[in-house]
There are 2 protein chains.
Amino acid sequence: MLEAHFGVPLTGAALNAINVRLDAETVSYILTHCGAKVVLVDSEFGSLAKEAIAAIEAEGNTAPIVIDVDDPVHEGSRELIGQMEYEAFLETGDPELPFRWPEDEWDTITVNYTSGTTGKPKGVEYHHRGAWLGAMDNPHVWDMPHHATYLWTLPMFHCNGWCFPWGVTAQGGTHVCLRQVTSKNIHASFADYGVDHLCGAPIIMNLIANAPAEERKPFDHKIKMMTAAASPPAAVLQKMADQGIEITHVYGLTEVYGPATICAWNPVWNELPMAEQAEIKSRQGVRYNTMEGLEVMDPETMAPVPSDGETMGEIMMRGNIVMKGYHKNDEATTEAFEGGWFHSGDLATRDPDGYIHIKDRSKDIIISGGENVSSVEVEGVLYKHPAVKEVAVVALCDEKWGEVPCAFIEADETTTVTEEEIIKFVRSQLAGFKTPKKVVFGNLPKTSTGKVQKAVLRAAAKEFEGTY
Amino acid sequence: MLEAHFGVPLTGAALNAINVRLDAETVSYILTHCGAKVVLVDSEFGSLAKEAIAAIEAEGNTAPIVIDVDDPVHEGSRELIGQMEYEAFLETGDPELPFRWPEDEWDTITVNYTSGTTGKPKGVEYHHRGAWLGAMDNPHVWDMPHHATYLWTLPMFHCNGWCFPWGVTAQGGTHVCLRQVTSKNIHASFADYGVDHLCGAPIIMNLIANAPAEERKPFDHKIKMMTAAASPPAAVLQKMADQGIEITHVYGLTEVYGPATICAWNPVWNELPMAEQAEIKSRQGVRYNTMEGLEVMDPETMAPVPSDGETMGEIMMRGNIVMKGYHKNDEATTEAFEGGWFHSGDLATRDPDGYIHIKDRSKDIIISGGENVSSVEVEGVLYKHPAVKEVAVVALCDEKWGEVPCAFIEADETTTVTEEEIIKFVRSQLAGFKTPKKVVFGNLPKTSTGKVQKAVLRAAAKEFEGTY
């Protein structure tokens with residue numbers, strides 16, 4: 001994956017790094033939609049890829065060429081499904097072939113598929129200019145020094161690993177990749193490889209903070225970790241600080257190359273009690289230098305909200321690290337850029353010191369383990385179940401995953417259906433992280449115009465935290 | 001000057017930071033050539049500016065509006081010559097006025113006049129894109145952390161201080177400005193203000209390294225210094241290291257926003273004897289990330305030289321941190337960009353590890369105290385002296401200034417003229433740093449086609465090192 005971030009663009013092609021947790025049907029959709037010509041498949045995922053390729057052919061489309069990456073380090077089953085193995089494939093190359101630079105800096109370097117509010121994933125196109133600037137700016141805002149040793153706990157399929165495949169390289173750093181992201185492997189990398197920088201969703205922080213004693217190894221250097229999606233609570237911050245790990249909180253979306261704002265830290269805040277530090281650090285902060293515009297605006301009037309820490313508005317961004325648009329989806333692109341700004345869908349306030357603070361999401365997105373889950377997509381699958389009359393899926397806070405989907409269902413009174421059956425039904429059609437962990441039966445609360453009141457359901461979901 | 005680097009571009013204007021060591025006639029030429037509308041004059045230079053303004057009017061041109069910056073910290077004479085004082089001028093501004101952003105990133109942000117091979121200074125135009133990238137990349141290549149404390153020993157009129165007015169600010173750093181660049185003030189800034197970063201020509205390094213004991217103050221932090229123009233000898237490197245100052249060697253020209261290559265340091269070299277370190281560090285190194293192309297090429301064929309450390313070629317560059325061109329001088333611009341590359345005029349080899357190493361300059365430029373001196377300009381003045389029949393000016397190595405001009409003169413046999421008279425004559429018409437420190441009388445060596453052999457004179461000049 002790391003090599004592909006360089007090799008693929010240098011052939012003049014665009015890279016589409018695919019989320020390995022997706023189901024075969026979605027992978028097949030993505031490969032077809034982006035017109036993939038060649039697919040590199042790690043043998044760990046051979047079975048999934050085989051199913052996805054079969055689905056492409058079943059629909060009468062031409063399957064891409066498949067190159068197997070057969071990694072002997074992987075201890076589980078390895079299935080080779082392609083026309084050629086990766087190393088053999090590289091041998092066929094001409095080392096003297098000149099790089100094929102982009103003709104225009106706005107040319108597409110990568111496409112990243114993300115779940116939006118609608119069911120089908122959208123292909124977010126990154127241009128070379130934005131990727132270059134993102135690669136330079138992430139180390140810059142993080143104050144990451146030259147020759148850092150960077151651990152890959154953030155997936156490279158997630159917004160191209162926040163452009164760090166290129167950014168760490170530009171810093172003359174060392175990439176450390178794990179075959180499996182486990183607390184044991186992470187702790188070993190700190191001690192054995194001197195890892196001093198890593199990124200990841202809150203789940204990774206929990207893995208580190210709560211690792212059993214036998215998985216830990218002593219190390220005596222400082223480590224910096226960048227996290228997004230949810231702000232760490234004081235207890236986790238404290239646990240991380242006790243282990244010599246300093247947390248930087250950033251915020252972004254796939255559409256803005258990963259993080260685009262940072263809760264820039266004022267050293268005087270280090271003197272405050274950890275609970276106050278956590279409160280300050282929970283803010284999404286200020287824009288990256290490469291992001292020309294960051295505003296919290298009333299989406300109706302496009303007027304910025306006052307910096308009073310109270311007035312809500314939608315986070316909007318524009319500038320060099322905003323996507324080109326959604327691949328083959330002009331309608332969604334036009335909608336996303338209404339009024340000349342990218343609409344994040346996140347509702348926030350702006351504090352008097354200019355820092356923004358997310359208060360709610362206007363879109364129906366659940367962020368589980370750092371990945372977007374579209375509640376509409378999950379609802380669409382649930383509607384296929386014969387016992388489901390009406391359904392609404394909302395986020396349920398989860399200690400491990402940040403959030404998990406929770407389904408509220410009005411079931412057909414003539415049938416009996418159980419929570420277990422529903423979960424099994426969804427799991428057969430969707431990835432595990434998209435499957436509801438909790439199902440609640442009953443009448444759905446509605447507005448006078450018949451619209452389901454999701455805010456009411458989100459409040460109701462609170463009582464199920466930790467009960468599943 | 002620091003404020004002007006922000007305020008002037010944000011009004012939509014271009015900044016022209018003028019070398020305060022220039023003579024009034026040259027300043028007058030520059031102001032007229034660039035069409036200056038407003039001039040900010042520090043009261044220390046009131047007298048010089050007055051003369052320059054008078055010269056503009058004497059030629060029938062409209063003088064610019066003059067704003068006096070009356071700095072009470074300056075202990076010498078302060079002459080106010082303008083229509084308004086700076087602070088009063090700022091009071092007339094409207095704090096609510098929106099910034100006037102550039103309409104196009106290629107718009108000019110600054111003009112920097114530099115001496116080329118011909119006599120008249122050329123106005124190098126910087127665009128916003130290049131200045132932004134230069135501001136980001138200098139801290140990047142230097143590994144300068146956030147919140148650095150930066151000392152202004154490099155003049156801001158020199159390539160806009162290598163874009164550090166913007167770069168230090170982007171890093172959340174602190175600017176420390178000196179009214180007078182003396183070894184005492186520099187040492188005090190280390191101890192009293194915690195300065196940890198500075199840039200400057202070799203002269204600054206010598207000031208620091210050779211400061212008398214009574215001017216030094218103890219400090220216990222590390223300091224990094226970036227230097228260009230000439231590589232520091234082992235003795236100076238050692239003296240700096242003993243004081244906790246680490247030297248980074250960069251190379252560039254006004255036409256490429258200041259430094260554009262860096263002798264990137266491999267930590268394993270720290271184990272070598274200082275003489276070897278100095279030898280390695282004397283190389284100009286590798287390109288900045290923002291510089292797309294750096295090649296050592298045969299200017300006739302435009303073919304890169306082999307990386308053998310022996311074959312000479314001309315350093316050529318292209319990319320984002322190359323100037324737009326010379327202001328109102330299409331001919332010079334076309335010549336500088338012949339073949340699609342900026343011709344540096346510097347002759348170098350490329351080592352097997354890709355580092356470039358300057359061996360000679362093809363242009364007739366002398367670099368004194370970090371500033372370009374055109375030998376042609378000095379020769380032009382010398383030709384005005386009635387006793388001078390023919391003259392050639394070359395660089396003479398100087399311990400303090402790096403290089404100083406040395407004039408070889410064929411004098412009219414019917415007159416007697418002394419070295420002292422010649423020096424005094426030039427000084428009356430040119431800045432001190434452009435005036436020859438040594439004058440040698442005799443016949444000039446020539447090629448069969450009658451061209452003065454400057455290489456022979458440069459070799460001959462060696463015997464006068466330290467004799468003036």
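Me: In β8(B), which residue is the bridge partner of B:Y150?
Reply: Keep in mind that this is a predicted model. Strand β6 (residues 149-152) of chain B pairs with strand β8 (residues 197-200) of chain B in the parallel sense, over 2 bridges. B:Y150 has its bridge partner in β8(B), and that partner is B:H197.

Me: And the sheet in chain B, which strands stand at its edges?
Reply: The sheet is open, with 7 strands and mixed pairing, in the order β7-β6-β8-β9-β10-β11-β12 (chain B). A strand with a single partner has one side left without a neighbour in the sheet, so the edges belong to β7 (174-177) and β12 (286-287) of chain B.

Me: What angle does helix α5 of chain B make with β11(B)?
Reply: Helix α5 (residues 128-142) of chain B packs on that sheet, where it touches β9 (223-227), β10 (245-253) and β11 (258-262) of chain B. Its direction and that of β11(B) make an angle of about 40 degrees.

Me: Which residue in β11(A) stands opposite A:V250?
Reply: Strand β10 (residues 245-253) of chain A and β11(A) run antiparallel and are joined by 4 bridges. Their hairpin has 4 residues between the strands, and A:Y257 takes a positive phi near 65 degrees there. As for A:V250, the residue opposite in β11(A) is A:I262.

Me: Which residue of β12(A) is the bridge partner of A:T261?
Reply: β11(A) also pairs with strand β12 (residues 286-287) of chain A, in the antiparallel sense and over 2 bridges. In β12(A), A:T261 has as its bridge partner A:R287.

Me: How many Å separate the C-alpha atoms of A:C163 and A:L207?
Reply: Along the chain, A:C163 and A:L207 are 44 residues apart.

Me: How wide an arc do the buried residues of α8(A) fall within?
Reply: In helix α8 (residues 183-193) of chain A, the buried ones are A:I186, A:H187, A:S189 and A:F190. Their cover includes β6 (149-152), β7 (174-177), α9 and β9 (223-227) of chain A. Seen down the axis of α8(A), these buried residues line one face of the helix, because they fall within an arc of 150 degrees.

Me: Is A:H147 buried or partly exposed?
Reply: A:H147 lies in the loop between α5 (128-142) and β6 of chain A. Although not a glycine, A:H147 has a positive phi of about 60 degrees. With 13 other C-beta atoms within 10 Å, A:H147 is partly exposed.

Me: Where in chain B does B:K328 lie?
Reply: B:K328 is a residue other than glycine with a positive phi, near 50 degrees. With 14 C-beta neighbours inside 10 Å, B:K328 counts as partly exposed. Its place is the loop between β16 (325-326) and α12 (330-336) of chain B.

Me: Which helix gives the most to the side of domain 1 of chain A that touches domain 2 of chain A?
Reply: The domain assignment of chain A gives domain 1 (102-356) and domain 2 (365-464), and 28 Å separate their centres, taken over C-alpha atoms. Contact involves 13 residues of domain 1 of chain A and 13 residues of domain 2 of chain A. The domain 1 side divides into 5 nonpolar, 8 polar and no charged residues. With 3 residues, the helix that gives the most to that side is α9 (residues 202-209) of chain A.

Me: Last one: on the side of chain B that touches chain A, how many residues are charged?
Reply: 7 residues of chain B are in contact with 7 residues of chain A. The chain B side has 3 nonpolar and 3 polar residues, and the number of charged ones is 1.

Key:
Residues are numbered from 1 along each chain as its sequence is written. Chains are lettered from A and ligands numbered from 1 in the order in which they are written. This is a predicted model: local features need pLDDT of at least 70, side-chain atom pairs count only at pLDDT 80 or more; totals for chains, interfaces and linings use all residues. Two residues are in contact if their C-beta atoms, placed from the backbone, lie within 7 Å. Ala, Val, Leu, Ile, Met, Phe, Trp, Tyr, Cys and Pro count as nonpolar, Asp, Glu, Lys and Arg as charged, and the others, Gly among them, as polar. Two strands pair if DSSP finds at least two bridges between them. Axes are lines fitted to C-alpha atoms, for helices over the stretch in contact, and angles run from 0 to 180 degrees between N-to-C directions. Domain bounds come from an automatic or database domain assignment. A residue is buried if 20 or more other C-beta atoms lie within 10 Å of its own, exposed if 12 or fewer, and partly exposed in between; C-beta atoms are placed from the backbone. The arc is that of the directions from the helix axis to the C-beta atoms.
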